[in-house]
Amino acid sequence: MDDLRDAILRAATNRRAPLPRTGGRPAADVDAAARDVLDRVLTGLWEHGWLPVDVVEVVRRGAEPRAESVVVDAVARTLAGYRSLHPEWVEQAASIGAAVWWDPAEPYLSQWATRHIELLDEAVAVVVAALSALTSLPVLPQIVPAPGTPLSDVTHHHVDPKVLKRVRGLLAKAESTAFPEEAEALSAKAQELVTRHALERMPTESATTASRRVWLDKRYFDGKAQIVHVVAEANRCRAVVYDLGFVALVGEELDLEIVELLSASLLVQATRAMVAAGDGARKGDEARSLAYRKSFLLSYAHRVGERLKAANEPPADDDRLLPVLAERKRAVDQLFTTLFTRTVAKSTPIRSEAGWNAGRAAANRADLDINRP
């Protein structure tokens with residue numbers, strides 16, 4: 001069975017290598033070998049800062065569609081063996097649908113093949129495809145205690161459910177309206193609500209500084225990452241962009257929740273505004289070009305960031321709030337430098353002046369004055 005494990009690993013690191021075949025081997029041997037390799041790779045990733053959503057996103061981008069289901073099952077299998085799990089592991093496993101649906105007493109791959117109407121050989125090939133996406137991944141900062149780590153009391157700060165309901169309602173309207181000005185005004189109102197909510201709670205709650213990752217679609221990634229970046233800055237957080245496809249955030253937990261909520265909606269709105277800017281353009285026109293759309297999103301992010309920052313300035317005469325803000329900034333900066341010891345600045349060229357101007361015009365339509373009646 002060791003040679004089959006070796007063959008699976010060779011195939012995972014070299015896609016031209018012949019895939020291991022099950023002919024002549026008992027299904028139980030094939031199953032044990034495939035499970036052992038996949039589980040060992042995942043366990044190693046858990047120890048190197050990766051989380052369930054991270055591995056699923058990597059496989060979704062770098063392997064065939066069926067490989068995702070194998071990885072989700074492996075997540076469920078590896079986490080089931082731990083008695084101590086941080087709540088974030090439980091939440092992420094639930095978000096990707098990781099649950100043990102198969103009979104552990106029977107070979108897993110045979111059950112997977114039956115469920116997906118595949119041959120056993122094809123099931124092994126799917127495992128190899130998953131491994132090809134998961135091997136040689138870099139070490140990430142450990143932002144959540146690894147499985148099995150003894151846990152003390154964990155405190156989470158969340159947006160008040162009543163505020164959250166109102167904010168989600170505003171953002172849902174912003175995403176559904178066909179009028180950009182209305183969408184931007186609704187988004188501004190949502191930002192006003194969560195900003196006021198966060199500032200009101202600051203003097204009475206202890207800070208819980210943490211880090212999260214926001215995965216984004218690969219298309220127009222730089223522009224979308226910049227939108228998340230400016231929303232983070234406006235809400236007292238810091239951000240690092242990873243070429244793997246995500247933005248790492250550092251901030252107080254309540255602020256991080258706000259950033260995820262608002263940036264998700266702004267990404268929908270910015271993308272729709274970008275597409276609308278090219279409406280009526282013919283094939284080959286600049287307004288439908290890749291350079292135009294990239295420039296549009298970068299400009300949109302830049303201008304929205306300027307206006308959010310101006311709108312979210314705390315009151316200068318609040319003697320209770322200013323020391324709290326200063327202390328939380330120190331905590332965020334300290335965690336940021338601890339997690340990210342080697343960051344570099346990256347510039348993205350603007351290749352379409354028309355796209356830049358259109359993006360800025362779209363962002364300028366937003367009414368972000370949080371002091372308006």
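Strand 1 and strand 3 are antiparallel partners, joined by seven bridges. One of the pairs to look at is Arg213, whose bridge partner in strand 3 is Ala248. Before I go on, note that this is a predicted model.

On its other pairing, strand 3, residues 246-252, runs antiparallel to strand 2, with five bridges between them. Here Tyr242 has Phe246 of strand 3 as its bridge partner. Strand 2 and strand 3 form a hairpin with three residues between the strands, and in this hairpin Gly245 has a positive phi near 125°.

Put together, that is an open sheet of three strands in the order 1-3-2, with antiparallel pairing. Strand 1, residues 209-215, and strand 2 are the edge strands, each pairing on one side only. Ignoring direction, neighbouring strands of the sheet are turned against each other by 20° on average.

The largest pocket has a volume of about 1300 Å³. It is lined by 41 residues, and His229, Glu233, Arg238, Ala239 and Val240 are the closest to its centre.

Which elements supply the lining? Helix 10 (221-234), strand 2 (238-242), helix 12 (290-311) and helix 13 (321-339) each give at least two residues to the lining of the largest pocket. Helix 13 gives the most, with seven residues.

How values were computed
Residues are numbered from 1 along each chain as its sequence is written. This is a predicted model: local features need pLDDT of at least 70, side-chain atom pairs count only at pLDDT 80 or more; totals for chains, interfaces and linings use all residues. Side-chain values use heavy atoms; hydrogens and water are left out. On a 1 Å grid over the protein atoms alone, a cavity is a set of points where a 1.4 Å probe fits but cannot get out, and a pocket is an open set with protein on both sides within 12 Å along at least five of seven lines; lining residues have an atom within 4 Å of a point. Grid points are joined across faces, edges and corners, and a volume is the space filled by probe spheres set on the points. Helices (H or I, at least four residues) and strands (E, at least two) are DSSP runs, numbered from the N terminus. Two strands pair if DSSP finds at least two bridges between them. Axes are lines fitted to C-alpha atoms, for helices over the stretch in contact, and angles run from 0 to 180 degrees between N-to-C directions.
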